[in-house]
Amino acid sequence: MDYQYLGKLNNDALKQLTYKECALLCREIREEMVATVIKNGGHLASNLGVVELTVALHRVFDSPQDRFIFDVSHQSYVHKLLTDRFSDFQSIRRPGGLSGFQKRSESEHDPFGGGHASTSLSAALGFAEADFIMGSDRHTIAIAGDGAFTGGMIHEAMNNCREGRKLILILNENEMSISPNIGGFATYIANVRSKESYFNIKRGTRRALSAIPVIGRGMVHFVSRQKSRLKNLLYSSNYFEKLGFYYLGPTDGHDLVKLERLLREAKEADRPVIVHIKTKKGHGYQPAESDPGRFHGISAKGSAVPASFSSHFGKLLSEMADEDPKLCAITAAMRDGTGLVPFANSHPTRFFDVGIAEEHAMTFAAGLSAAGMHPVFAVYSTFLQRSYDQLIHDVSLQDLDVTVAVDRAGLAICDGATHHGIYDVSIGFTIPGSSIYAPLNFASLERILPIALQSKGCNFVRYRSGGEFENADVRLPYYNKALFIRSTEDSSPDGIILTYGQIAEEALRAREIALQKGISLRVIALEKLRPEAEILSALTEMCTPSVKKICFLEEGVQNGGCAMAYREALSGSGIPFAALCISNITAALRANESPYRTHGISAEDVLQSFDIL
């Protein structure tokens, strides 16, 4: 689409636009984002909400000299459009295209990568401290939604911010209120402090006092302290000011004039600044404004949306809670994503959304377990990584019973490296006494989840994003149901493909291609992953004299993963063993250039391992 301004402005030209011209630019940005994200999928509502803010940031500051670090950075689409990536924007979230997050290797305008919440201020503080040490006058701006403040990391960073650092934190309030000022006078002060006359008087007073020889700077500090004391007598300071931040706002985050006014004031400050703005998710696009939750992350237009493991898990857990009064469900700000809406509606007193605080969620689950409850923590695989210490220290060390429902297990090609669920199995293997299950279909999930809840210790139930394995009971029937082993029926195979999870699809495809060449490969899919004695005994029976090689196909990391465990456990068989794991394609994953169909490793890789291709 040919735009009047979008894609045709450098940073200097952007700064010269009138506010009327800026309004047209903002409309063009929204048009481009809506058209592209509906086609490709991605985060829409959050990006629509920060259009004016991002334009204001680029007009007041100078990227990449000044650094913008977006929390999570799923709302950095506008930033990409305004920097050096407009011509590539239609490739966003596609293999080989732009990342849906900030990415250091993608552009000099992305100083720090994102993907997980509450990290922006810690990173920004690192830049600001480095600048202070080197005497640089660059500014670093962290942009965080109020949801980020439900995580502890951003508060830890705030506690370490010091005067003299050119650091600005944009608090983008779009859903919940944080430390609100209460009362008519507080509202009046907030309005006054957002007016140009306020800043003009403040600047003039500061300059006049500073010009007085010898005592000028001391008078500036004295007046500032007295002003703060007077304000605290009239209404209490908010949380940020008590931590030493210069607080500006709140103001309308869709009003470009007010935004630029506050940002210019923040730019002149000699200490860390909080700029508090209020925005509306989905702003400027009515469907997203009306239902920002549904438009937070959307699938590509025309893509099939089958019944998902997440929704089936949530429905199943809610039904189980009807019978078990001690069953509790925990999520870290992912109620919808993990399918727990039915549970929340049916059992509100036993449902806990702890916010973006996976560490707390795991220890909270341990506390519930110690008190005799049956906690289930539903969490995306990539976010489970944040609670590793708590798994070891608070759950495992105390022999507590906690069930972890690991959602989005496996590769997330569209979201990229920060969201790949490839570490949960290696994490699980390090937890003594834990069991790790990988149901292939909904029927297996229905069987496994009650077993996990009734078992001692920490039990992981991992499943993919999206729907179940198609025709699992026919294509991979149970060889031994009690041991959770599925297998194709090949009596004297030339080789064995050992695997688990949805990547079994590639294993079956490799088997079909091999059969066309007169070679028999048996596919064995594990739904319980630890190499326990009984499972190893069954696998040894399946390794008939005809088997010349075992290939373990794993959509997870090699070090500490399932393939490594089985390589060691089956080493006595004397059969050559190959492992195809994520570590073999790390470079492709990081570049978001995976050439594979739906998995990290293709059937062709498997066939090459057997010297068939």
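1. Arg 165 and Glu 129 form a salt bridge, with their closest N and O atoms 3.1 Å apart. Arg 165 sits in the loop between helix 7 and strand 4 and Glu 129 in helix 6, so the pair ties together parts 36 residues apart in sequence. Both residues are buried. A salt bridge here is a side-chain nitrogen of Lys or Arg within 4 Å of a carboxyl oxygen of Asp or Glu. Buried means under 20% relative accessible area, exposed over 50%, and partly exposed in between (1.4 Å probe, protein chains only).

2. A note on the basis. This is a predicted model, in which local features need pLDDT of at least 70 and side-chain atom pairs count only at pLDDT 80 or more, while totals for chains, interfaces and linings use all residues. Residues are numbered from 1 along each chain as its sequence is written, and side-chain values use heavy atoms, leaving out hydrogens and water.

3. The protein chain has 26 helices and 19 strands. These are DSSP runs numbered from the N terminus: helices are H or I with at least four residues, strands E with at least two. Of the 613 residues, 56% are buried.

4. Helix 6 has 15 residues and reaches 21 Å from first C-alpha to last, close to the 21 Å expected at 1.5 Å a residue. That expected span is 1.5 Å times one less than the number of residues. Its buried residues include Leu 121, Leu 125, Phe 127 and Glu 129. Among the elements covering them are strand 2 (67-70) and helix 7 (152-158). Just after helix 6, Gly 135 takes a positive phi of about 75°.

5. Phe 132 belongs to helix 6 (residues 120-134). Phe 132 is partly exposed, at 43% relative accessible area.

6. The structure holds 27 salt bridges. In one of them, Arg 85 pairs with Glu 106, the closest N and O atoms being 2.9 Å apart. Both lie in the loop between helix 5 (77-82) and helix 6, so the pair ties together parts 21 residues apart in sequence. Arg 85 is buried at 2% relative accessible area, whereas Glu 106 is partly exposed at 21%. A network of salt bridges links Lys 80, Asp 84, Arg 85, Glu 106 and Asp 110.

7. There are zero disulfides, taking a disulfide as a pair of cysteine sulfur atoms within 2.5 Å. Cys 26 is buried, at 4% relative accessible area.

Conventions
Contact means heavy atoms within 4.5 Å.
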